[in-house]
Amino acid sequence: MRIIFVIAAALALAPALGFGGVYILSEARFRDVKRGPAFDHPIPTDAASIERGRHIARTRGCFGCHGQNLEGKNFDEQWDWPERAVAPNLAEYARKHDPAAMEAAIRQGIGANGKALTAMPSFNFTRLTDEDVAALIAFLRAAPVADSSVPKPKLGWAVRWSFITGAERHMAYWAQRVPPLRIDAEQEPVLAAGEYLAMTMCNECHGLDVRGQTLFPPPTPDLAIAAAIPRDDFENIIETGVGMGGRNLGLMRLVSPDRFPALSDDEVDALHAYLSSRADEPVPENVFWRPE
Ligand code: HEC
Ligand code: HEC
């Protein structure tokens, strides 16, 4: 009799223990972050810096994901992952959090609650300079706070499980693996400017080193293909997300028109020159975003 009771109790508790375990282990993953030194760069208040911040926000896609009025966005309908991703109201966030918390979210993939972010592509912003992060924060602080209410984000159990097994990695993990910028701006100013743009705009989807990504579908090409694309065709592709031969580039078509038409001619020149210059260099092997 007693043994039956014990078995019944174990069966009844198993799901609760299982979910509890998944919860605890996945939370431990999200708290497993290495935080860099607190950001203490002064935040400017002049009009030129705020305008620079707006340009960074536009070309790096903050508006597309956080809303054209920075009001926040519920991704429920676009993404079924990680159950419910919600980008917060950024102008409001900028009033409530200090620059160190904002920098940690933007460049390091660590949220104000101390846990790694899961949906915001912070690794795409890791190489932004201190000046540009400060300008971005200045812009967000100065932007009017739009009225909005977004629901709370949710992490699904299957998603939590995939973080425990290592099938998924959080943004603080990715952010730490972005290769450093290599080109000396004193010696090669145009190529350095192009590298900076590529490594803070295109590595969201084209691999952390922009030499192609095969980790997630759809695989994206090595951007050294720019060498084979005339400069004006290249500009057209990145501003529309429509590729060679009129091909719809999918995810790129969704984000490009919102971000890249704001690039100046000089920026497009630099980006094209830098990416083209990669064509002679071998593609780095043994990186996790291009397993082979
Ligand atoms: C691809 C969509 C996407 C882009 C692009 C994006 N964000 Fe986010 N952001 C999110 C989501 C989703 C969250 C909620 C946290 C999460 O789920 O990772 C978020 C969270 C944040 C947070 C709050 C972090 C916290 O919880 O404390 C800040 C600050 C932020 N984003 C700033 C920015 C800035 C600045 C930019 C532009 C440089 C930007 N984001 C671009 C999707 C995006
Ligand atoms: C949000 C994801 C995303 C971002 C950001 C992104 N791309 Fe793409 N890109 C893609 C996808 C997806 C494809 C198409 C893959 C396929 O189906 O072959 C693509 C294809 C391309 C192609 C090939 C076009 C063709 O005709 O085949 C070029 C060139 C390109 N991207 C350049 C860039 C540059 C330069 C940047 C940065 C300014 C950039 N992309 C940023 C997702 C992205």
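The following conversation goes through some features of a predicted model and the rules by which they are named.

User: What should I know about the model and its numbering?
Analyst: This is a predicted model, in which local features need pLDDT of at least 70, side-chain atom pairs count only at pLDDT 80 or more, and totals for chains, interfaces and linings use all residues. Residues are numbered from 1 along each chain as its sequence is written, chains are lettered from A and ligands numbered from 1 in the order in which they are written, and side-chain values use heavy atoms, with hydrogens and water left out.

User: Why is the contact between Arg-58 and Asp-258 called a salt bridge?
Analyst: The term requires a side-chain nitrogen of Lys or Arg within 4 Å of a carboxyl oxygen of Asp or Glu. The closest N and O atoms of Arg-58 and Asp-258 are 3.0 Å apart, and therefore the pair meets the rule.

User: How many salt bridges does the rule find in total, and how many across the interface of domain 1 and domain 2?
Analyst: The count comes to 15 salt bridges, and across the interface of domain 1 and domain 2 the rule finds one. Another pair that qualifies is Lys-115 with Glu-27, whose closest N and O atoms are 2.8 Å apart. This pair links distant parts of the chain, since Lys-115 lies in the loop between α5 and α6 and Glu-27 in helix α1, 88 residues apart. Helices here are DSSP runs (H or I, at least four residues), as strands are (E, at least two), numbered from the N terminus.

User: How do you know where domain 1 and domain 2 lie, and what area is buried between them?
Analyst: The bounds, 47-175 for domain 1 and 189-280 for domain 2, come from an automatic or database domain assignment. Their C-alpha centres lie 22 Å apart, and the contact (heavy atoms within 4.5 Å) takes 19 residues from domain 1 and 18 residues from domain 2. The buried area, which is the accessible area (1.4 Å probe) that two parts lose on being put together, summed over both, is about 1500 Å², with carbon and sulfur atoms giving 51%. In domain 1, Arg-60, Asn-124 and Trp-174 lose the most area to domain 2, together 38% of what that side buries.
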